[in-house]
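Biologist: Hi, could you walk me through this one in plain words?

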Amino acid sequence: MTITFHGAARTVTGSKHLLTTDGGKKILLDCGLYQGRGKDTYPLNEHFNFNPEEIDAMILSHAHIDHSGNIPNLVKQGFKGKIYCTPATRQLCELMLIDTAHVQQNDLKYLNMRRSKKGELPVLPIYNEEDVKRSLHHFQELPLDENFHLNDEVDFHFTEVGHILGSGCVNLTVKTKQGERKIFFSGDIGRYHDRIMNPPAPFPQADYILCESTYGNRLHPLPEESEKVLLQIVLQTCVAKKGKLIIPAFSLGRTQEVVYALNNLKNRGELPQLNVYVDSPLSVSATEIMRQNLKSLNDEIQNLIRTDSDPFGFPGLTYIRDAEESKKLNELDQPCIIISASGMAEAGRIKHHIKNSISNHKNTILLVGYCTPDSLGGRLMAGQKEVRIFGDTYEVKAEVHIMNEYSAHGDYNEMLQFLSCQDKSLVKQIFLVHGEYAVQQDWKKTLIANGFKNVEIPELLSEWAID
Ligand SMILES: [Zn+2]
């Protein structure tokens, strides 16, 4: 049996790992898009370094686009098998993938206008809405903790990982020439004190582990403190300076975490009177799906909904789908909070809000999630004094704050806690994926210092034998 790393290898996005059994069956774990790579992004996503027609089955850890976003392209290029995921992941993918098709179309409009001026041929989207709809027929739901007999060689089940709604780790049992082998793929690892999600669950002993590394060298502040920190930023921006607080946030997960924190502040009477807008059709729909799945969320939410039936809604909060209504926000000159997507500020309405507010010292841009270094969010995080948005240069006069409290990824202590269910002497090898290379090197040292052996950081397209 072999495993080949086709994405999220020494980088964060583009999760794709291909397992080939001794009997020649090919199983793809995740099929994510690369994101935030500037002009390199498109060719990286367009071509696969394997033949999609030869893949027998796909198993999807969760609905984030860097894990699921290239599925329509996989199907378009000839994949005929099933895509296994939890019921909530399927529900979310339907939403996220159609949105991604639209985002591509919009992004290409600008790019192609520039290309046509230079006499260059237009770039076509990698997939369209029809491709997404076709790919959705391949999805097959499998709830957490239920075994699935895939074929004579492979069984698998998902276990709770607490990252976003529907997320699961993949626990595979594979018959090899040497005997039965357990392979574990973490997907993205959540947190033990998340405000919304259940904590990650222990998983059965594995021989081989594919483990994420996003925050392999970081410790996060405790999520419990997040509401206090957020309130201070709101007071400073919207009350003291009478400015706007602009929050780029992933539509799925981070947006609801921020809204939930504001909801709690409102319930406690601490939030000042001001308008809050969630300005993103995708975020609005994702919040709807969260509301339909409240029972899958943690005990705190179960307690809250006895007295507050909607943890994601409060007086003063408006959800905006309509583009015209969104444009009206540009003209608002009173203090407010605008939460919008995308989280890395690479696409979507948030770019307009940042463009409109970035050169005024009264305003604050609050970054609450991971941003790749090249993305607009990443450049703001790095403290750049000038940034380019839609081809123009803007001076950064607004305050830029970073809050890591909302991270949906565990820090290295939480990831160690997650792995502590394993007998280290029985783990034959750990492959680190989904992380910047420098971070992965630190994470590797930490794992070795904590008793794990044979920790590898596979290169893109490297193939490893699983004995
Ligand atoms: Zn994720």
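Modeller: One term to start: buried means under 20% relative accessible area, exposed over 50%, and partly exposed in between (1.4 Å probe, protein chains only). This is a predicted model, where local features need pLDDT of at least 70, side-chain atom pairs count only at pLDDT 80 or more, and totals for chains, interfaces and linings use all residues. Residues are numbered from 1 along each chain as its sequence is written, and side-chain values use heavy atoms, leaving out hydrogens and water.

Biologist: Is F390 buried, partly exposed or exposed?

Modeller: F390 is partly exposed, at a relative accessible area of 34%.

Biologist: And where is F390 placed?

Modeller: F390 sits in the loop between β17 (386–389) and β18 (392–395). Strands here are DSSP E runs of at least two residues, and helices are H or I runs of at least four, numbered from the N terminus.

Biologist: New topic: what is the strand order in the sheet of six?

Modeller: That open sheet goes β14-β13-β15-β12-β16-β19, with parallel pairing. Two strands pair if DSSP finds at least two bridges between them.

Biologist: Which strands stand at the edges?

Modeller: β14 (317–320) and β19 (399–402); each has a single partner strand, so one side of each lacks a neighbour in the sheet.

Biologist: How many bridges join β12 and β15?

Modeller: Five, between residues 244–248 of β12 and 336–340 of β15. Among the residues there, I246 has I338 in β15 as its bridge partner.

Biologist: What about the sheet of seven strands, what's its order?

Modeller: The open sheet reads β6-β5-β4-β3-β2-β1-β22, and the pairing is mixed. Within it, β4 (residues 57–59) and β5 (residues 82–85) pair in the parallel sense over three bridges.
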